[in-house]
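Please look at the sequence and the structure before reading on.

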Amino acid sequence: MTLTIEATDLSLTYGNQHALRKVAFRLSDKKIYGFLGRNGAGKTSLLSILASFREQTSGSLTINGEAPFENPNVMQQVAFIYSKDYKEESDNIKEILEGVERYRPHFDKEYAQHLTQKFHLPLNKKVKEFSKGMQSALNVTMGLACRAPITIFDEAYLGMDAPTREIFYQELLEDQAKHPRIIIISTHLVSEMDYLFEEVLILHKGSLVLQEEYESLISKGVSITGAANEVDEFVQSMKLLNVQQLGNTKSVMVYGELTDLERKNAQKRGLEVGPISLQDLFIHLTEEGN
Amino acid sequence: MNQKTIYPKVATDLFWVQFFWALGFLGVLLIVQIIKAILSITKGIEMNDYFDAVFIAANIFMLVIGIISSYGFLPYYVRNGVTRKDYFKGSTIASVGLSITIPIIASIISVIQVFIVNVINLSILKDSSFGNATGDEGNIVAEIILSIIFTPFVDLQSNWLLAIFVFALNIFIYYLVGWLIGSGFYRFGVLFGLFCIILAFLVIYVEDLLLSIALDLPVHDMFASVQLPIYVAVIGIFVLASLTLWMIRQLTKRVAIKM
């Protein structure tokens, strides 16, 4: 059964500070959603409402029509994985995973063991003695192995080194292929993780800037590469996102799709037209002043 | 999406975790007791029964694990998809279980201790001052403090059932006030937490008073003429416990989980 998450006019304030302003979206497919936003954009606030860690100030958020907060049927379906601090945790991994197993109906113990091996996590060491990266690997292990129909990873990779993050991404894709569910990944490591996302939501200053399929999103802009003077002339009236120059070769990211005429024109000038990266688009959409 | 009720599972798990902590605590006290026994035999120093020793220390133990409950267990369970309500129910049941188990274990060890002392005819001096402490006449602050240190006590050998019951009731209240203090700090921070500590003192004082009157123990002059049958005092204490539980529930019902 596929769950549907629906937010309408969702707002959250801390005192005078607006963390979320009338956010609205709908997630109804079992796929990997990327939640992007700069520091303080409201990602964690939004996800913690989804995970029943807190209540919104106004508006509604429902999962299959039910509000998640204090709803036992819904809360069991949602796993919220974040960079949790384990400095007080004297249990070892085995004990911690046993605890998760008792409360998560879809937990796969063997898969959890497979992940602990992949991440080289020591089974008998106290978790408080783990490095930050190892603790994050443990969080990710719990998140993947509990196979909750809605699994949220909120910057869960913090402290992991690059190879460990790569294992996380690979395992995520493989397990998602075998056991599809709604996976929400919040991050600002956009360039590294963009290939994971099937759909992207960008939050900026508490508001939702866009929700779009990854493929259609990256076709929202193009990169133009070629001789500097040709490029300059070509992009004259366009909205530039990013400019890089090496010698006489210039590469410019522009926002907006090219018309057929423009494409032909670019070809004529010997310019190379390529796709834009999500990272550039993200930076553009969340720039100061936007 | 319907799940079966989850709070009995929470209650069982919380009971066992805290029970093992309690075993550690009882073990340490047993070692202290053995050392005291050796000193008593060799140097003639007075000592209490094990039951009495646990009775004094268990208050603080329960207070501390009550505080831990709100800071450690509440976020743990919510993270695992358990509602605050199920955690509350489970934790309440577990703390009742623990409050009954500790005095039972303490009395069993105490009986064994007395048995051993009698069988091998050890010359141990029993502390005669225990259980008879009263505050300075008329000084309410001294009385409140004393009520924390010396709670109404029934000797195990005079009426074991009542002794266990009073013990259980007493440590249960301590667990609850610890939980109340922890919840106060967790929800509203330091100032409200400090207010909860004052509230906790009050709860302890009233419980103490009710129990003392019912057991015919010395109380403050103001209440000296009050006569209460034991069942009225017990009902009073249950009302007090319910009130404390109600406050804890109000504090934790919609609390945001710290990350």
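The points below are grouped by topic, after a short note on conventions.

Because this is a predicted model, local features need pLDDT of at least 70 and side-chain atom pairs count only at pLDDT 80 or more, while totals for chains, interfaces and linings use all residues. Residues are numbered from 1 along each chain as its sequence is written, chains are lettered from A and ligands numbered from 1 in the order in which they are written, and side-chain values use heavy atoms, with hydrogens and water left out.

**Interface of chain B and chain A**

- The contact (heavy atoms within 4.5 Å) takes 29 residues from chain A and 26 residues from chain B.
- About 2,400 Å² is buried between the two chains, and carbon and sulfur atoms give 55% of it; buried area here is the accessible area (1.4 Å probe) that two parts lose on being put together, summed over both.
- Twelve residue pairs, both members at pLDDT 80 or more, are in polar contact across the interface, meaning a pair of N or O atoms within 3.5 Å, of which, within protein, one must be able to donate a hydrogen and the other to accept it, with residues adjacent in sequence counted only if both atoms are side-chain atoms.
- On the side of chain B that touches chain A, helix H1 (7-43), helix H2 (50-79) and helix H3 (84-119) of chain B each supply at least two residues, and H2(B) gives the most, with four residues; helices (H or I, at least four residues) and strands (E, at least two) are DSSP runs numbered from the N terminus.
- By class, that side of chain B has eleven nonpolar, five polar and ten charged residues.

**Largest pocket**

- The largest pocket has a volume of about 1,500 Å³; on a 1 Å grid over the protein atoms alone, a pocket is an open set of points with protein on both sides within 12 Å along at least five of seven lines, a cavity is a set where a 1.4 Å probe fits but cannot get out, and lining residues have an atom within 4 Å of a point.
- Of its 41 lining residues, A:Glu89, A:Asp91, B:Gly72, B:Tyr76 and B:Arg79 are the closest to the centre of the pocket.
- H2(B) gives the most to this lining, with eight residues, and the lining as a whole divides into 23 nonpolar, five polar and 13 charged residues.

**Cavities**

- The whole structure holds two cavities of 30 Å³ or more.
- The second largest cavity, with a volume of about 40 Å³, has residues of both chains in its lining, among them A:Phe53, A:Met75, A:Arg104, B:Val78 and B:Arg79.
- E5(A) gives the most to the lining of the second largest cavity, with three residues.

**Salt bridges**

- Over all chains there are 19 salt bridges, each a side-chain nitrogen of Lys or Arg within 4 Å of a carboxyl oxygen of Asp or Glu.
- Between chain B and chain A the count is three, and one salt bridge joins the side chains of A:Arg102 and B:Asp13 (2.6 Å, N to O).
- In chain A, A:Lys31 forms a salt bridge with A:Glu199, the closest N and O atoms being 2.8 Å apart; this pair links distant parts of the chain, 168 residues apart.

Note on methods
Nonpolar A, V, L, I, M, F, W, Y, C, P; charged D, E, K, R; others polar. Points joined across faces, edges and corners; volume = space filled by probe spheres on them.
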